[in-house]
Every structure is written in structure tokens, then in C-alpha cells.
Amino acid sequence: MTGGPDHDWLFSRTRAGRARGPQAARVLLDRLGAPDRHFDTVRVVGTNGKGSTCAMLEAGLLAAGVRVGRFTSPHLTRYEERIRLQGHDLDPARTTEFIAWAKEHAPEAAFFDLTLALACLEFAREGVELAVMEAGVGGVSDATQALSTVCAVALTNVALDHTATLGPTLRDIARDKALAARPGVPLLTTATGEALEVVREVTAEVGAPLLTPETHPALFALPRPPRLAGAHQHANAALALAALRLLGHETGVDAALDATHPARLERLEVGGKTVLIDGAHNPHATGALAASVPRADVLLFGNLARKDTAATLAPLLTLAPVRVFTAPGDPATAPHGLALAYGGEAHPDPHAALSRALALTPPGGTLLVTGSLYLAGTVRALILTGLASP
């Protein structure tokens, strides 16, 4: 087939109006012959840090000689980034083949369920031994709960996000994520405070061994800081290393610490100006970002309308005196409203917003781009393809 995969068809398979949970994903996987039963899975859940933890796990497992697959979301530039085999993005020809099957045999299926099924199909086809699988939203309510051969669950942290789906309180969200636990399957976590209390309760109910930096300090020990920037990455690295050690792959520790992951406090340069790109998109994430970035000259910010934009933006307001607001996707929080409320300029088109933000950044200065992984991916692509200019 020419023209590449029909990604638009996939993206149109929204979950709107459908029940959440693993049931539909399980039906779809069984329709494909249950490919998820052909490999072991480390399931990664949590509010923030899942992508970085998955990247470090993948790097460590590859270095340890494990045949590994990785499933994450969202993608930054290309759909096939979501599914990786042996450290490489999925061949788009495989996506084309799967979409053709799905149009005929599963036209009713939701986008995330289809992508999860494609990942499992390819991992089984390519003889993956261990798959690192990132949950989408939540734990027990997420489609990845359908996976059948989970050998460990890694829970990064819990904070207020997706409250309309997971519940209004931290305890509600923590319980949903902690219920990813399975009887007899170790659950490792770097969660703290009230969230950790809930995780303790749930793992006791379920009968899952709970491993934390307090109960197993040697398992979570960091021999050196990770390459990924920001103090918050230390907890992600500790979790990744604990999983590697638990599964008998300690030889991958150094490679895990050296892992990179795009749009996580990533530093690029345009015309002698530094651009820091980060996908922080909720208050917990922007708080961690603010703690890692002392200051910037200009902030380029855009957030989706379903997020708590005011709380997400709040930790960033003291970082940069000049602000440009944009729309990272649809529906987005209106940039003109943000500019009126917080001071700054509004440029709904991200390309125009980036050009204006760069023009406002002084020579040798720093532009911070954040608020959405969709915005981070768009800006990153513009810079890397040479389309960004003041």
C-alpha cells in the first residue's frame, strides 16, 4: 500500500461514550490469538515519570541481553514511537497491515485498545522475551490491566490528574493505580505519603509483595545520578533499577542510568539560544520541573482544556518574566484567556508561537517550552527539522 498507514482512521477510534476498563482490550487480544501470553510483562503505572522509567528499563534490559519490547504513549512525532522492538520504532508497514485487519475485523475497537493489541501482536511475532508496558490512564481501569503475563508492576507516583476518570481525591487515584497489583506479583513503588499508605492497603488486600526504597534500600540504590536531567528523575531511575535487579538483570544498571528520553527537560539550541523542552502537563509535573529550572527568559506554554490549567501553570509563573501562550491541541485552554489572566502574548498556532517566543528570547538566553507533551512534540519537530526561527 502506498502513502503509509492510515493513522487518521486509528486516531478517529475515540473512546468517547465507551466504558473504560480492560474488558474490550481482552476481547480484542483474544480475537488475535492472545499474543500477550507469549512474553512476560513489566507494567509501569503512575501519574508522572512513566515514560522516563520505561526508557531506562528498556535501555537496561537491552544491555543485559534481553529481547525487549516497549509500549508507551503518547508519541511525540510519529505514531510508531509508541511501539518499539529492540530499541527501534515499529516499522510503519506493520501498522498498515494491522489497520487493514482492524478495519475488517475490529472497526468498533478504541484507539488505545488497538494500539495495545498491535504492540502485543508485534512483540509476539518478533520473539520478545520481556515487554515494558506503560499504562495509559490509571491502573485497574486501564486497558493494560488486560495483559496476562505480568511479572512485576512498577508504580512511579500518585498525584491529582485525570480526576474525572479516576476519582476526585488522591486516595481514589492511588487506589485505582495500586489495583494494578496482582496476587503474588511484586509491586515496586517510589510513591510517598498518603499514596503509599493506600498502596500498602491495596497490596495487602490483593496479596502482592510490596517493595519500596524503605523496605528494600539496596534494590532501589542509585550508584550515580541518571543522565536524564532533573531531581525528579532520581526516583524514576531508582524504580527502574529496582525492577532490573528484581528480575535478575543488574548488568543493565549502567545503561539504564545513561538512558535518554526526548522532551524530558531536553536541551536544544536555536541560533545561540537554549530551548528547554519538557512534557510536564499537570501540577505535580510542573512543580518538579520548576524545582529543576531556576529561571528562563521566556516561557512558551500550552495546556489541554481537560487539564487543571491554572494549577499546572502556577509553579511556572516565577520562572520567566515573559510568557507566550499557545494551543497544543484541540480542545486546548484558550491562549488568549491565559494571556489576559497571567500577562503575555497569545499565538494559537504553535509554529507562530515558537517563532515569537524565540524572537523574545535574548541572545544566549533560555526559552522554556512546556504544558503538554503534544506541544513538546510539535516544538521539538520544528526545531529538529530546521523550521524554527525567530
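**Exercise 1.** Is the crossing of α7 and α8 right-handed or left-handed? Describe how the two helices pack.

*Solution.* The model is a predicted one.
- Start with the positions. Helix α7 covers residues 170–178, and helix α8 covers residues 193–206.
- Take the geometry next. The helices pack at an angle of about 40°, and their axes are 9 Å apart.
- Classify the angle. Roughly parallel needs an angle under 35 degrees, and roughly perpendicular runs from 65 to 115. Therefore α7 is oblique to α8.
- Settle the hand. The crossing of α7 and α8 is right-handed.

**Exercise 2.** Which residues of α7 meet α8, and how do the contact residues divide by type?

*Solution.* 
- On the α7 side, find Leu170, Arg171, Ala174, Arg175 and Ala178.
- On the α8 side, find Glu194, Ala195, Glu197, Val198, Val199, Glu201, Val202 and Glu205.
- Sort the residues of this contact of α7 with α8: 7 are nonpolar, 6 are charged and no polar ones occur.

**Exercise 3.** Work out the strand order of the open sheet and find its edges.

*Solution.* 
- Write the order of the 8 strands: β4-β3-β2-β5-β1-β6-β7-β8. The pairing is mixed.
- Look at the edges. There stand β4 (88–89) and β8 (210–211). Each has a single partner strand, so one side of each lacks a neighbour in the sheet.
- Pick one pair inside the order. Strands β2 (residues 68–71) and β5 (residues 130–134) pair in the parallel sense, over 4 bridges.
- Locate a bridge. Arg70 has Val132 in β5 as its bridge partner.

Notes:
Residues numbered from 1 in each chain as written. Predicted model: local features only at pLDDT ≥ 70, side-chain atom pairs only at ≥ 80, totals over all residues. Heavy atoms only, no water. Axes fitted to C-alpha atoms, helices over the stretch in contact; angles between N-to-C directions. Parallel < 35°, antiparallel > 145°, perpendicular 65-115°, else oblique. Left-handed = near helix turned anticlockwise from the far one by under 90°. Contact = heavy atoms within 4.5 Å. Nonpolar A, V, L, I, M, F, W, Y, C, P; charged D, E, K, R; others polar. Pairing = 2+ DSSP bridges.
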